[in-house]
Amino acid sequence: MTPGSRPGVEPAEQELVIERIFDAPRELVFKAWTEPDRMMRWWGPKGFTTPFCQIDLRVGGTFLYCMRSPEGKDYWNTGVYREIVEPERIVCTDSFADEQGNVVPASHYGMPGDWPLEMLVTVTFEEYEGKTKMTLRHVGLPSTIEQDASAGWNESFDKLAEELAKG
């Protein structure tokens with residue numbers, strides 16, 4: 001048993017689902033997720049920046065990025081691509097990391113809640129009335145953080161919409 005856990009109680013597998021419509025071609029929205037230079041322009045909630053992003057876009061390939069808070073605190077994340085169907089679908093793991101890409105617990109960053117070491121993110125891209133319908137599924141978030149995670153993702157997607165409007 002790990003510290004803070006209760007016998008016989010399994011953490012719930014929370015699934016956060018967010019759908020957004022972007023006024024951009026599906027191929028461009030897909031590229032925004034898969035090209036480091038593009039991703040660095042929009043990734044992170046309002047006020048956050050992404051000073052580092054590395055992507056090895058292939059099944060079994062990894063990503064590593066750094067999100068910097070408005071106060072200057074860096075949060076590193078990594079993951080492994082499990083499925084890539086261009087320009088329709090991306091499935092990857094999602095974990096907190098150190099700057100070398102080693103998986104670390106969320107507590108490394110002082111994050112509250114019972115976070116798993118690895119979560120799963122699925123993003124789909126569908127053509128929709130000349131635009132792109134994007135659906136994000138983030139599995140494994142602690143229920144105590146789901147509202148904050150939803151707000152953070154939506155702020156990131158607001159930034160993505162602004163970037164896509166630039167062309």
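1. Basis of the note. Residues are numbered from 1 along each chain as its sequence is written, and side-chain values use heavy atoms, with hydrogens and water left out. Since the model is predicted, local features need pLDDT of at least 70 and side-chain atom pairs count only at pLDDT 80 or more, whereas totals for chains, interfaces and linings use all residues.

2. The largest pocket. About 670 Å³ of space lies in the largest pocket, where a pocket is an open set of points, on a 1 Å grid over the protein atoms alone, with protein on both sides within 12 Å along at least five of seven lines, and lining residues have an atom within 4 Å of a point. Grid points are joined across faces, edges and corners, and a volume is the space filled by probe spheres set on the points. The pocket has 29 lining residues, of which Tyr65, Met67, Asn77, His138 and Trp153 are the closest to its centre. At least two lining residues come from each of strand 3 (62-68), strand 4, strand 5, strand 6, strand 7 and helix 3; helices (H or I, at least four residues) and strands (E, at least two) are DSSP runs, numbered from the N terminus. By class, the lining has 21 nonpolar, six polar and two charged residues, with Ala, Val, Leu, Ile, Met, Phe, Trp, Tyr, Cys and Pro counted as nonpolar, Asp, Glu, Lys and Arg as charged, and the others, Gly among them, as polar.

3. The cavity. A search of the whole structure finds one cavity of 30 Å³ or more, a cavity being a set of points where a 1.4 Å probe fits but cannot get out. The volume of the largest cavity is about 80 Å³, and its lining is made up of Leu28, Ala32, Arg38, Arg41, Trp42, Leu160, Glu163, Leu164 and Gly167. Helix 1 (26-34), helix 2 (36-42) and helix 3 (146-166) are the elements that give two or more residues to this lining, which divides into five nonpolar, one polar and three charged residues.

4. Helix 1. Seven of the nine residues of helix 1 are buried, and the helix is thus mostly covered; buried means under 20% relative accessible area, exposed over 50%, and partly exposed in between (1.4 Å probe, protein chains only).

5. Aromatic pairs. The count comes to 18 aromatic pairs, for which rings of Phe, Tyr and Trp (its six-membered ring) must have centres within 6.5 Å, with planes under 30 degrees apart counting as stacked, over 60 as edge-to-face and the rest as tilted. Trp33 and Trp153 form a stacked pair, at 6.1 Å centre to centre and 25 degrees between the planes. This pair links distant parts of the chain, Trp33 in helix 1 and Trp153 in helix 3, which are 120 residues apart, and both Trp33 and Trp153 are buried. The rings of Tyr75 and Tyr109 form a tilted pair, with centres 5.3 Å apart and planes at 45 degrees. Tyr75 lies in strand 4 (residues 74-85) and Tyr109 in the loop between strand 5 (89-97) and strand 6 (119-128), so the pair ties together parts that are 34 residues apart in sequence. Tyr75 is buried at a relative accessible area of 16%, and Tyr109 is buried at 7%. One aromatic cluster is formed by Phe22, Trp33, Trp42, Trp43, Phe63, Tyr65, Tyr81, Trp153 and Phe157.

6. Salt bridges. The whole structure holds ten salt bridges, each a side-chain nitrogen of Lys or Arg within 4 Å of a carboxyl oxygen of Asp or Glu. Glu15 and Arg137 meet at 3.6 Å, N to O; Glu15 lies in strand 1 (residues 14-22) and Arg137 in strand 7 (residues 131-141), so this bridge ties together parts that are 122 residues apart in sequence. Arg26 and Glu127 meet at 3.7 Å, N to O, and here Arg26 is buried with a relative accessible area of 15%, whereas Glu127 counts as exposed at 59%.

7. Ser95. This residue lies in strand 5, and Ser95 is buried, with a relative accessible area of 3%. Leaving aside neighbours within four places in sequence, Ser95 is in contact (heavy atoms within 4.5 Å) with Trp76, Asn77, Thr78, Val103, Leu117 and Glu118.
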